[in-house]
Amino acid sequence: MAANAVAVCSWGAGGAGGLPAAAEEVLTFAAELASGLGAERRWLFIGQDPQRAAEVAGRFGVAGIDWVAEPELDEFRPDVYVEALRQYWELRRPRAMVVSQTFDARLVVPRLAGRVGCGVVMNCLEARAQAGGGLEVVASAYGGDTRAVYECHGPVLLAIAPNAPRRSAAGALSRPAVERVKLRLGGVPERAAVIGRSSMPVPRLEDAEVIVAGGRGLGSPENYKLVEELAAALGGMAGASRPIVDEGWAPPWRQVGLTGKITKPALYIAAGISGASQHMVGCAAAKTIVAINRDPDAAVFRYARYGIVGDCLEVLPALLRAVRNRSGAGERGEGSG
């Protein structure tokens, strides 16, 4: 692969059609970047079956798929993945490598950059080629409150923020060839051991189309059931702000925000949440945000398409009744045209 190529790296599950999470978004990001650089693009696919990847890769102008399927990579272990990506980097030496900023990628990408001696930008939102071959990269900073612009010269690792602007596919092209890439990972030590795993629901909060999240405005842990009931009535999932997770009102896997889950649902209802930037990072990519808060000056209203100034302990039961009444009328066939 030429030194000015753009490589997309993805692994794990959770995306559409069995692909890694956010694979198509990152492929489109890389396609736009490679086009500006006049570079080819390749997809480093870590997994057991590259056929689904090959079916979709051509739509994004991928020249070829580098398939890695080593048994040491079947389970995510940060030290092993850093070494695997180091070997791939040394083999291909891309101009840029683009990854989705998943939780696992946060553990790997900065260490990989240090290992191979290249630049790294996390929380990327946009990247544009400049005259002379440099890159201008726009990234989210300070918990999403502002944007930072970096000029990158030389090889660079770009981690794409989950709430980066969504883009559409480029169109149908030919099916790229799959090339098996062998790595030497035997005997790589893992310095941290997993001694236990918390149970998490399926589907994941990150994949939910509807989320109802509660905050301190609920007043007490008993009132969190209102959030859960409305989420269930809407066919969605319940979320929570960090303060109430820290206080034990909700389990950690329900936390939305900078140190929790990064979500992008079609509908996000924030009940009793003030709208601190750390929380809004986790839901800013929602298509529609509805805010419920007693304080008309709460920061959350700056992000919301619809705002309800009121006590969420009064508003949530009213919304729940309205949803149930509407569902009941639909089941009886009332109100149909």
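These legends describe close-up views of a predicted model. Because the model is predicted, local features need pLDDT of at least 70 and side-chain atom pairs count only at pLDDT 80 or more, while totals for chains, interfaces and linings use all residues. Residues are numbered from 1 along each chain as its sequence is written, and side-chain values use heavy atoms, with hydrogens and water left out.

**View 1. The open sheet has nine strands with mixed pairing.** The strand order is E7-E6-E5-E8-E4-E1-E2-E3-E9, where strands (E, at least two residues) and helices (H or I, at least four) are DSSP runs numbered from the N terminus, and two strands pair if DSSP finds at least two bridges between them. At the edges are strand E7 (146-152) and strand E9 (177-180), each of which pairs on one side only. On average, neighbouring strands of this sheet are turned by 35° against each other, direction ignored.

**View 2. Strands E5 and E8 run parallel.** Strand E5 (residues 119-129) is joined to strand E8 (residues 156-160) by four bridges, and Gly119 stands opposite Val156 in E8.

**View 3. Helix H4 packs on the sheet.** Helix H4 (residues 103-116) touches strand E1 (6-11), strand E4 (96-100), E5 and E8, contact meaning heavy atoms within 4.5 Å. The direction of H4 makes about 90° with that of E5; axes are lines fitted to C-alpha atoms, for helices over the stretch in contact, and angles run from 0 to 180 degrees between N-to-C directions. The buried residues of H4 are Ala105, Val108, Val109, Leu112, Ala113 and Val116, where buried means under 20% relative accessible area, exposed over 50% and partly exposed in between (1.4 Å probe, protein chains only). What covers these buried residues includes helix H3 (78-92) as well as E1, E4, E5 and E8. After H4 comes Gly117, whose phi is positive, near 75°.

**View 4. Strands E6 and E7 form a hairpin with four residues between them.** Seven bridges join strand E6 (residues 135-141) to E7, and the two run antiparallel.

**View 5. Arg254 lies in a loop and is buried.** The loop runs between helix H6 (242-246) and strand E12 (267-271). Arg254 has a relative accessible area of 14%, and, not counting residues up to four places away in sequence, Arg254 touches Leu205, Tyr224, Glu228, Ala238, Gly239 and Ala240.
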